[in-house]
Amino acid sequence: MAIDGPRGEKRKASVLGDDSGHAPRRIRPLDPDVVNKIAAGEIIVAPVHALKELMENAVDAGSTSLEIVVKDGGLKLLQITDNGCGIDKQDLPILCERFTTSKLQKFEDLQSISTYGFRGEALASISHIAHLTVTTKTQESNCAWRAHYGSGKLVPAKPGQSPDPKPVAGRQGTQITVEDLFYNIPTRRRAFRSTSDEYNKIIDMVGRYAVHCSHVAFSCKKHGESSTSIAIHANASSTDRIRQIYGGSVANELIEYSTSDDRWGFKAKGLATNANYNLKKTTLLLFINHRCVESSNIRKAVEQTYASFLPKNGHPFVYLSLEIAPERVDVNVHPTKREVNFLNEHEIIQAICEHIRSKLAAVDTSRTFLTQTLLPGGTWSASDQQASSSTPSKTSGAASGARKTPARNESSLVRTDANMRKITSMLPPASTMGARVRGDGISSTSGVKATITGTNKDVEMINYETVEREATACRLISVRELRAEVREEMHHELTEIFANHTFVGIVDERRRLAAIQGGVKLYLVDYGRVCYEYFYQLALTDFGNFGTIRFDPPLDLRELLGMAAEFERTATADASGGVDKDGDDEMDVSEIVELVADQLVERREMLLEYFSFEISPAGELLSIPLLVKGYTPSMAKLPRFLLELGPRVDWSEEKACFEGFLKELAMFYVPERLPATIGADDPPAVQGCDKDVDAETVARRDHVRFALEHVLFPAFKSRLVATKSLMQTGILEVANLKGLYRVFERC
């Protein structure tokens with residue numbers, strides 16, 4: 001390594017000047033292009049900083065939806081699309097010039113600035129180090145306008161063309177495309193060794209703004225991939241946003257806090273994990289006046305606050321939104337706006353940490369710790385007993401030395417094997433049932449056993465004929481809207497419970513109740529309600545690609561409709577106190593049958609194309625849709641299903657038609673209410689109400705039981721989107737293992 005001279009020695013003028021040694025170097029102004037590139041390098045350090053500036057501009061424009069596409073970590077492509085107010089065509093020529101902004105007019109405005117951007121340097125900086133394309137449309141404009149920029153000025157899309165903005169088709173809002181970032185700064189470009197690391201930084205930044213910006217939808221994905229890395233709906237709550245981005249383990253342990261102090265002029269609110277959860281590294285989402293910033297002082301204070309609540313090397317997850325009077329904040333202290341200064345920093349941080357400490361202390365009062373060496377009812381191992389008898393004075397030492405595995409907290413053990421003992425195994429065996437099978441002179445014991453064995457075997461051995469037919473992609477807007485409505489009604493916590501549940505057993509077939517376990521909690525589920533949601537969603541997903549259940553020989557459509565209409569007429573007459581015997585009712589039934597039959601026959605081509613529901617021109621029912629293998633709906637419900645297609649389906653409007661038909665199809669597939677299994681220990685009155693159960697009912701009951709345990713509930717794990725209405729009416733928490741242990745430990 002070359003050394004100019006001894007440290008501290010004054011260098012000669014000949015080293016600094018020209019050969020004459022007398023004239024110093026002249027001071028010259030830098031070329032504007034060099035100035036702009038230097039400034040761009042300070043503001044746009046990495047692709048994530050460019051994305052941050054673009055996201056903030058989109059939110060400032062009043063956007064409620066942001067779509068982000070990234071290629072090669074943002075170096076090759078970085079595209080953000082919003083639905084904000086757009087940019088006026090007259091502003092496009094100066095859009096990428098430095099210090100052009102709509103948010104600031106004079107220096108004093110910085111004291112009350114409330115927007116993300118204010119300097120007007122972001123787009124200018126990007127245009128000097130990348131190829132920038134802007135497509136925008138305002139509400140008043142008849143079309144969108146597309147402009148290309150280079151070095152802060154409009155440039156033509158291709159050589160020889162005009163650089164003026166071109167009219168194009170587009171929706172309201174702005175789409176900004178950044179290509180070949182740092183293409184003219186090769187040293188900076190080579191500094192990025194891993195595109196995956198840059199993409200992870202982008203995902204982290206998008207996740208932070210997605211948590212903070214309520215009522216704004218976010219999506220981020222890699223270019224060319226169909227799946228999204230982040231997908232947040234506009235109506236999702238802050239807790240749901242954290243659950244989707246950072247996981248359910250964080251979201252389930254969050255506590256909400258909010259504090260303010262007029263003396264220091266601040267308001268703080270957010271979410272933080274309680275003392276039951278800790279990370280290896282602190283995750284702090286800090287927003288000051290809605291700007292994502294970093295603060296080492298706040299981070300250290302938060303970590304010190306949690307130090308007395310978390311185990312050693314444990315760290316929290318904290319989301320903090322701090323609003324301070326704008327005149328107390330200086331936002332113009334960092335090129336990338338990553339840091340801000342504000343008055344009374346120490347007092348504000350102390351007030352926030354004291355409030356969080358009080359919240360943690362309140363939660364901590366309900367925590368319980370197991371201090372027993374041995375739970376009641378437990379027994380010592382053989383080695384421990386031998387050590388105890390041989391060396392009474394060293395019992396504790398021998399026991400601790402022999403036990404190499406850590407003690408398990410029984411209150412935290414969860415069921416992980418679906419083949420473990422279930423509720424049904426605790427019921428009396430079939431031989432003790434009070435039910436008696438009618439017909440053929442078969443005894444109750446052998447008849448029930450044979451039915452159960454045969455049914456399970458038949459269910460597993462159902463033969464399906466596979467037809468080579470290419471799946472069709474559904475492009476109907478109405479079906480897509482119905483799918484979107486289901487996603488908007490999604491209850492994320494309940495969906496996660498079903499995705500990770502363990503089936504416990506059927507509780508009551510008459511009331512259609514089943515028990516499932518989720519984590520350390522036991523839930524009672526209305527499986528009729530859950531099956532209805534599942535079959536409706538399954539029909540939407542497989543729309544136009546259903547299997548078929550064929551009838552051989554075909555069924556008479558009008559005869560089935562007549563059976564259902566007669567049953568409805570009789571039920572209505574019984575409810576009104578008697579049955580009218582005159583001929584008018586007979587005429588009404590025939591008219592209803594003909595009306596519904598004509599509707600179905602008239603639309604048979606549409607029913608066959610979309611639903612695999614085949615009806616012949618003569619009115620014969622040839623097939624109905626098959627939604628799932630391994631489960632067959634009750635054919636006793638078929639007449640009622642066909643009759644309901646008349647009044648329950650709006651055949652005049654596409655979306656209403658599809659929705660009505662699929663809901664009726666889902667209702668048809670829902671398992672029917674069946675007589676409950678009666679045990680010998682039940683009271684005589686209960687046993688007597690179900691003495692005569694025919695073999696067909698017993699077989700149907702076993703088929704439904706098998707399908708629920710081995711077909712439907714396993715399918716719920718991967719394909720069920722639990723809705724908010726299902727949360728209100730379809731599930732009930734009946735036990736919590738930790739709560740039960742608290743009760744038993746006090747006894």
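A residue counts as buried when its relative accessible area is under 20%. In this predicted model, S612 has a relative accessible area of 6%, and because that value is under 20%, S612 is buried. S612 belongs to the loop between α19 and β22, and its phi is near 55°, which is a positive value in a residue other than glycine. Most residues other than glycine have a negative phi, and most peptide bonds are trans.

Where does D180, another residue with an angle of this kind, lie in the chain? D180 is found in the loop between β7 (173-179) and α5 (186-191), and although D180 is not a glycine, it has a positive phi of about 55°. The relative accessible area of D180 is 21%, so D180 is described as partly exposed.

## A glycine and a cis peptide bond

Just after helix α7, the residue G247 takes a positive phi of about 105°. Helix α7 itself covers residues 238-246, and R241, I242 and R243 within this helix are buried.

Which two residues are joined by a cis peptide bond? The bond in question links D552 to P553, and its omega is about 5°. P553 has its place in strand β21, which is made of residues 547-556.

## Aromatic pairs

A pair of aromatic rings is described by the distance of the centres and the angle of the planes. When rings are paired if their centres lie within 6.5 Å, the count for this model comes to 24 aromatic pairs. One of them is formed by Y534 and F716, whose rings are 5.2 Å apart from centre to centre with 65° between the planes, and this pair is edge-to-face. Y534 lies in helix α16 (residues 527-541) and F716 lies in helix α23 (residues 695-719), so the pair ties together parts of the chain that are 182 residues apart in sequence. Y534 counts as buried because its relative accessibility is 3%, and F716 counts as buried because its relative accessibility is 0%.

The rings of F613 and F641 have their centres 6.3 Å apart and their planes at 75°, so this pair is edge-to-face. F613 is in the loop between α19 (604-611) and β22 (614-615), while F641 is in helix α20 (residues 638-644), so the pair ties together parts that are 28 residues apart in sequence. Both F613 and F641 are buried.

## Lysines over tyrosine rings

## Helix α21 and its partners

Helix α21 (residues 654-669) packs with α19 at an angle of about 70°, and the axes of the two helices are 13 Å apart. That angle makes α19 roughly perpendicular to α21, and the crossing of the two is right-handed. In this contact, M606, L607, Y610 and F611 of α19 meet C657, F658, F661 and L662 of α21. An α-helix has 3.6 residues a turn, so residues three or four places apart point the same way.

The contact is made by Y532, F535, Y536, A539 and L540 on the side of α16, and by E659, L662, K663, A666, M667 and Y669 on the side of α21. As α16 passes α21, the crossing is right-handed.

## An enclosed helix and a strand residue

How many of the 8 residues of helix α4 are buried? In helix α4 (residues 122-129), 8 of the 8 residues are buried, so the helix is largely enclosed by the rest of the structure. The buried residues are A122, L123, A124, S125, I126, S127, H128 and I129.

Q517 has its place in strand β19 (residues 513-518), and at 15% relative accessibility Q517 counts as buried. The C-alpha atoms of Q517 and G505 are separated by 9.9 Å, and these two residues are 12 residues apart along the chain.

How values were computed: Residues are numbered from 1 along each chain as its sequence is written. This is a predicted model: local features need pLDDT of at least 70, side-chain atom pairs count only at pLDDT 80 or more; totals for chains, interfaces and linings use all residues. Side-chain values use heavy atoms; hydrogens and water are left out. Rings of Phe, Tyr and Trp (its six-membered ring) pair if their centres lie within 6.5 Å; planes under 30 degrees apart count as stacked, over 60 as edge-to-face and the rest as tilted. Helices (H or I, at least four residues) and strands (E, at least two) are DSSP runs, numbered from the N terminus. Buried means under 20% relative accessible area, exposed over 50%, partly exposed in between (1.4 Å probe, protein chains only). Axes are lines fitted to C-alpha atoms, for helices over the stretch in contact, and angles run from 0 to 180 degrees between N-to-C directions. Angles under 35 degrees count as roughly parallel, over 145 as roughly antiparallel, 65 to 115 as roughly perpendicular and the rest as oblique. A crossing is left-handed if the near helix is turned anticlockwise from the far one by less than a right angle, and right-handed if clockwise. Contact means heavy atoms within 4.5 Å.
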